[in-house]
Amino acid sequence: MILHISKYCADMVDYLLCGSGDTSVKFYISRLGVGEKFIKLGTLFGKASMEVIMKRILCFGDSNTWGSDPTTFNQDYDYFVRYDENTRWTALLQKKLGSDYCIIEEGLGGRTTVLDDPITSQQLNGKKYLMPCLGSHAPIDLVILMLGTNDLKSYFSMTAYSISMGIDLLVKMIKSSNYGISGKSPDMLIISPVTLDERLNDSCLKDLFDVPYTIERCKILPELIENVAKDNGCKFLKCDDYIELSTIDYIHFTKTGHAKLAEQLYKTISSIKL
């Protein structure tokens, strides 16, 4: 039997299980708090058992989290088709981690850290959506944050340092929230965005960027974001070490790139005590 239990009835469940007469009952109430958890209950009378079903991981990012397939880009409509569940790194990660984990996909093409996009959509500001997103998916064990690429677009005129400060603001919002377990903040893993290089000159999306300035900023952006992670006590992963970029736009991951990132994240998450 699956029961959705909140902090308000945790004591009652404790009482009911203790009243079953089974002295070998194991309790996992400690993960309950301000948020809610899915609990699996055995029989309340006779033999009883209770355990937390899943550890919840929120993946908050842009089109490389959503899963844009660069081979499907339609320039007339500025549109990508999405990779399927057998390809996206988020879906592959779910399969690798198994049923003890719940991967929550919150990727959105064009999403920025803290900026309103005056050209595309006002809905792309990551800061404005972050807290409602955390609240709707709480309780969250781990947030994987991968943003910054869209902040490099020429019409934002953001320096590398400004982009890293956008990441820092989002991290501080998450770390100061109570959307983790037992009213604490979630753990965090920050992934630096892809490093755009000279190949951007051949990209179908190059007109969105001041290519020389973008290349210059990308040379120092991973280190700046790694410093943000260290300063805030977060895990860090450099995206470039584990992905492969499409030769169509040199921004979005290939199928192989998604698989490589999923494999590395599986190893990283397996080493984190959540």
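Accessible areas here come from the Shrake-Rupley method with a 1.4 Å probe, and for residues only the protein chains shown count as cover. With that settled, I looked up the surface of the chain, which exposes about 13,100 Å², with carbon and sulfur atoms supplying 52% of it.

I noted that this is a predicted model, in which local features need pLDDT of at least 70 and side-chain atom pairs count only at pLDDT 80 or more, while totals for chains, interfaces and linings use all residues. Residues are numbered from 1 along each chain as its sequence is written, and side-chain values use heavy atoms, with hydrogens and water left out.

**Overall fold**

I found eight helices and 10 strands in the chain, where helices (H or I, at least four residues) and strands (E, at least two) are DSSP runs numbered from the N terminus. Of the 274 residues in the chain, 50% are buried; buried means under 20% relative accessible area, exposed over 50%, and partly exposed in between (1.4 Å probe, protein chains only). I then looked up contacts (heavy atoms within 4.5 Å), and among those with a separation of 6 or more, 70% come from residues 24 or more positions apart.

**Salt bridges**

I counted eight salt bridges in the structure, each being a side-chain nitrogen of Lys or Arg within 4 Å of a carboxyl oxygen of Asp or Glu.

One of them joins the side chains of Glu105 and Arg88, at 2.8 Å from N to O. Glu105 lies in strand β7 (residues 101–107) and Arg88 in the loop between β6 (79–82) and α3 (89–97), so this pair ties together parts that are 17 residues apart in sequence. I recorded Glu105 as partly exposed at 31% relative accessible area, whereas Arg88 is buried at 3%.

Asp116 is partly exposed at 31% relative accessibility, and Lys128 is exposed at 53%.

I also looked up Asp168 and Lys172, whose closest N and O atoms are 2.9 Å apart in their salt bridge. Asp168 is buried at 12% relative accessibility, while Lys172 is partly exposed at 41%. Both residues lie in helix α5 (residues 160–175), four residues apart, which is about one turn of the helix.

Lastly, I noted that salt bridges with shared partners join Arg82, Glu85, Arg88 and Glu105 into one network.
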